[in-house]
Amino acid sequence: MSVIASEWTKLRSVAGTWWCTAIYLLTAVTLGWLAAASTDRSSSAAIAVSGALTGFGFAQLVLVVLGVLAGAGEFSTGMAVASFTAVPRRWRLLAAKTVVVAAWSALLTAVAAAGCGLAARTLTAVPGGVSLVAPDVLRQLVLQVAWGALVAVLSVALGTLLRSSAGGIGLGLALVFVLPPVLSLAGGRWAERTAQALPALRVGEDAFLSVATSWPVGLAVVGGWALVAWAVSALLLERRDV
């Protein structure tokens, strides 16, 4: 717990964390309310809430920046030497950092998703109304929180792996935001399958600007990328010199 507390202190003491927090919440909630305001009526509560979550397709890019900065920041400032001296088992340090960033991202996403759900409930006419605890609506909101946490885990891993904020952010954005839609537009079987295998950003149950897949498939793909990237970064972190 002391390592986790230390990582939380590091995260909240950096100005970039609060800039990312403000921009993430503002983008997700503002676009969510705009999307809900532009939808007069919907056939179901799940569709109305899914539309209000559209802003997360862009807002999650901020989580990529937040995660990479948390993973790579210590190497650019030289603070990694002190951290490794205090915690010789480097994978434990990475695990604690990942838990902190993922938990913070999940909390922010839960707050913003609730705001978007409230927008759909207030601005979109749905037969029977919009209940945020209805199973099909709650699944959309819970999945959005899961995507936020997994994007954060992947981004921390990329930042730690490359030890470069610019490189990590560039690679992260390419994987989750640039390549999936580009391959989708390219057409062809191989391009579609490659796009489906990339950790594309998702909004509720659906892939964002990429080839459609079911949410269980999306969860397996994004979770698999996050797990493998984290394991590789932890292995290299143990073997590399500072």
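**Group meeting: a predicted helical chain**

Good morning. Read along the sequence, the protein chain follows the pattern α-α-α-α-α-α-α-α-α-β-β-α. In total there are 10 helices and 2 strands, where helices (H or I, at least four residues) and strands (E, at least two) are DSSP runs numbered from the N terminus. The radius of gyration is 19 Å, close to the 18 Å that the globule rule gives for 242 residues, so the chain is as compact as a globular protein of that length. That radius is taken over C-alpha atoms, and the rule is 2.2 Å times the number of residues to the power 0.38.

A word on the source. This is a predicted model, in which local features need pLDDT of at least 70 and side-chain atom pairs count only at pLDDT 80 or more, while totals for chains, interfaces and linings use all residues. Residues are numbered from 1 along each chain as its sequence is written, and side-chain values use heavy atoms, with hydrogens and water left out.

Let me continue with the whole chain. Along its principal axes, the C-alpha trace spans about 60 × 40 × 25 Å. Buried residues make up 48% of the 242 residues; buried means under 20% relative accessible area, exposed over 50%, and partly exposed in between (1.4 Å probe, protein chains only). Of the contacts with a separation of 6 or more, 81% join residues 24 or more positions apart, a contact being heavy atoms within 4.5 Å.

I turn now to helix α3, residues 45-52. How many of its 8 residues are buried? The count is 6, namely A45, A46, A48, V49, S50 and A52. These buried residues pack against helices α2 (15-37), α6 (90-123) and α7 (135-162), and against strands β1 (202-203) and β2 (206-207).

Helix α7 also holds T160, which is buried, with a relative accessible area of 3%. The side chain of T160 reaches the backbone oxygen of V156 at 2.8 Å; a polar contact is a pair of N or O atoms within 3.5 Å, and within protein one must be able to donate a hydrogen and the other to accept it, with residues adjacent in sequence counting only if both atoms are side-chain atoms. Not counting residues up to four places away in sequence, T160 touches G71, A72, F75, L94, S233, L237 and R240.

One of those partners, S233, sits in helix α10, residues 215-239. S233 is buried, with a relative accessible area of 1%. Leaving aside neighbours within four places in sequence, S233 is in contact with L94, A157, T160 and L161.

Thank you.
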